[in-house]
Amino acid sequence: MDQAIFGIDGGGTGTRLRIESADGQVLATAESTALNPRSNSIDRVSTVLHELFGKALVTAGLTMGELSTGFIGCAGADRPSEKSLLEDIMRRSLGFTGKLGLGNDAETALAGGLPDGFGIILIAGTGSIAWAKSASGRIQRCGGWGHLLGDEGSAWWIAREALSRAIHIHEGRLAAPDPTGQAGREILAAFLETWKLASPGELIPLVYGDFDKSRIAAGARIVESLRERGNRLAGEIFAEAATDLAALAVSVAGAMDVPASGLLLHGGLFAGNRWLRETCSSDLSARGFSVHGPGSDAALGACRLARSLV
């Protein structure tokens with residue numbers, strides 16, 4: 001058969017590989033855990049890539065030598081050192097010899113979500129970032145600083161803020177949004193129950209002893225459930241998240257000096273949280289943005305970018 005191409009979408013907590021034939025037919029897909037070279041060891045990144053291709057190539061009935069071109073979009077792969085690391089693994093460890101493109105996962109999501117492949121994408125998942133590409137190919141980003149320096153409005157940020165503020169209310173160090181402080185106690189109790197902890201002090205070994213960013217980010221669902229039930233602290237945190245996310249899009253649009261059109265909402269938090277999605281859409285639409293989504297097949301986008309290399 002003619003040589004095939006592949007695309008990889010490496011998000012904050014999961015990675016997807018898509019292999020297509022020369023005429024665009026899907027031959028195989030595979031999924032694994034996060035690929036981010038900034039939050040995983042080199043050995044782990046290598047293991048994830050081996051797992052993905054090990055599964056998909058068998059399904060497709062191909063060898064690595066029959067893949068002519070590929071594109072990897074990966075969170076944490078914006079800088080030359082990170083791209084070099086991924087390329088080295090692909091070349092030396094997996095034996096890929098074809099053309100290879102590398103970029104941020106926002107680029108692949110945009111390519112999969114907007115028909116022209118340019119515009120603005122606002123991602124809210126485990127982390128958060130706004131990323132823009134002009135018709136001339138110019139690229140600009142805002143956010144995407146990771147959980148220590150940024151990720152405002154993301155699932156991680158929502159869960160972390162809820163836990164932090166609830167603890168402060170529990171200790172009397174923060175004024176509660178309600179007279180009795182019940183909102184903070186409800187949030188703290190919900191996290192302890194979900195994680196099967198007997199007391200607030202047990203949060204320390206759980207969070208720091210075996211750090212799992214995705215487990216903490218999943219706590220955003222706890223906060224959303226309480227927001228739906230009228231918890232005022234959860235409501236405040238989600239309102240701030242919506243404001244912060246919209247600000248990312250506004251900032252990147254200003255830096256690009258492009259019309260506020262073609263804005264794609266993307267990421268698991270937008271997909272799974274109707275209130276946040278509609279609030280951000282309403283805010284951005286009022287500012288003149290033409291909002292699309294949520295929704296994007298970023299692995300398909302990666303394949304489209306791979307074809308552009310041919």
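How much space lies in the second largest pocket? In this predicted model, local features need pLDDT of at least 70 and side-chain atom pairs count only at pLDDT 80 or more, while totals for chains, interfaces and linings use all residues. Residues are numbered from 1 along each chain as its sequence is written, and side-chain values use heavy atoms, with hydrogens and water left out.

The second largest pocket holds about 450 Å³ of space. A pocket here is an open set of points on a 1 Å grid over the protein atoms alone, where a 1.4 Å probe fits, with protein on both sides within 12 Å along at least five of seven lines; lining residues have an atom within 4 Å of a point. The volume is the space filled by probe spheres set on the points. Of the 16 lining residues, Arg160, Leu163, Ile167, Val207 and Tyr208 lie nearest the centre. Helix α5 gives the largest share of the lining, six residues, and α4, α5 and α7 each supply at least two.

Turning to the strands, five of them form an open, mixed sheet in the order β8-β7-β6-β9-β10. Its edge strands, β8 (139-143) and β10 (291-292), each pair on one side only. Strands are DSSP runs of E with at least two residues, and helices are runs of H or I with at least four; two strands pair if DSSP finds at least two bridges between them. Strands β6 and β9 pair in the parallel sense over four bridges, and isoleucine 121 stands opposite leucine 264 in β9.
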